[in-house]
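This report describes the overall make-up of a single chain and then turns to one pair of packed elements. The sequence and structure are shown first.

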Amino acid sequence: MTAATGYSPRRTLPLRVEIVRQFKRRRTLGMFGLLLALPWILVIAFQLGPDGFGDQSSLRISDLATASGLNFAAFALSVSASFLLVVAVALFCGDTVASEANWSSLRYLLAAPVPRDRLLRQKLVVALGYSAAAVISLPLMALLAGTLAFGWADIQVPGTGETIPALDVLPRFGIVIGYAMVSQLVVAALAFLISTMTDSPLGAVGGAVGLWIVCTILQAVEALGALREFLPTFWNNAWIDALAPELDWSGMAKGASVSITYAAVLIAIAFRRFRSKDVVS
């Protein structure tokens, strides 16, 4: 059987089409609205708090949040990385294939015909792009909000109270954001895998978030010992080492290797499973 005249698999489902489709969805606009609003909500919360709150004599990251814009951005990332960003990434990646199946449009896409591997690849690239934008937008907005509210000053390191010049730590803040994106790859891959297995977008998102919460709970079980280091959540806050007086890569290197390994395996399973899946919805 010969292909139709003018048909080329490489021209099916262009990235720009998928990007626009996903951007117009209310869940995309709503999630970015929440991520961009959260830093300002936190600023208001600090402003309305008692005068003694945020005492910089304390070495907790929450009490140092008002010391500078950089401190505030680090605090905003620390309180959002374990749940809000997880939900955002799971939403963008878990809603990829499952939403098409839920709308009964998946079989029509494949009948276009869009090759299955290309369908998954295009949707995964766009989902990861929006996930990266989500992870980047929150700390950058927090840096802007914190600088306007608390000023641009040197950062105080949580735990030690040492001060690092703002201009010296600013490049490290890029490392912090980069590591935060890498650490969320497991969530993205897990949500993407479940999305290829269910017709319910909510099930894919909830499944990924639920398993992440289970890993977080297991992380607290000290009886597991060194086994906890193989949990993707164990190294979730290793980015704090980038803000230490002496930059320490060891924790972030281990966390990145665990995250990338899990993500690669989960994505490979998703592609392998979807190639032979009987699409009836």
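Among contacts in the chain between residues at least 6 apart in sequence, what percentage join residues at least 24 apart?

## Contacts along the sequence

The model is predicted. In the chain, 78% of the contacts between residues at least 6 apart in sequence join residues that are at least 24 apart.

## Secondary structure

The chain contains 11 helices and two strands. Their order along the sequence is α-α-α-α-α-α-α-β-β-α-α-α-α.

## Burial and surface

The chain has 281 residues, and 48% of them count as buried. Its accessible surface comes to about 13,600 Å². Carbon and sulfur atoms account for 66% of that surface.

## The contact of H9 with H10

Helix H9 spans residues 185–195, and helix H10 spans residues 201–219. Their axes come within 8 Å and cross at roughly 140°. An angle over 145 degrees would count as roughly antiparallel, and therefore H9 is classed as oblique to H10. The crossing of the two helices is right-handed.

On the H9 side, the residues in this contact are Val186, Val187, Leu190, Ala191, Ile194 and Ser195. They meet Gly203, Ala204, Gly207, Ala208, Leu211 and Trp212 in H10. By residue class, the contact of H9 with H10 comprises nine nonpolar residues, three polar residues and no charged residues.

Terms used
Residues numbered from 1 in each chain as written. Predicted model: local features only at pLDDT ≥ 70, side-chain atom pairs only at ≥ 80, totals over all residues. Heavy atoms only, no water. Helix = DSSP H or I, 4+ residues; strand = E, 2+ residues; numbered from the N terminus. Buried < 20%, exposed > 50% of the residue type's maximum accessible area, 1.4 Å probe, protein only. Contact = heavy atoms within 4.5 Å. Areas by Shrake-Rupley, 256 points an atom, 1.4 Å probe, with all protein chains shown as cover. Axes fitted to C-alpha atoms, helices over the stretch in contact; angles between N-to-C directions. Parallel < 35°, antiparallel > 145°, perpendicular 65-115°, else oblique. Left-handed = near helix turned anticlockwise from the far one by under 90°. Nonpolar A, V, L, I, M, F, W, Y, C, P; charged D, E, K, R; others polar.
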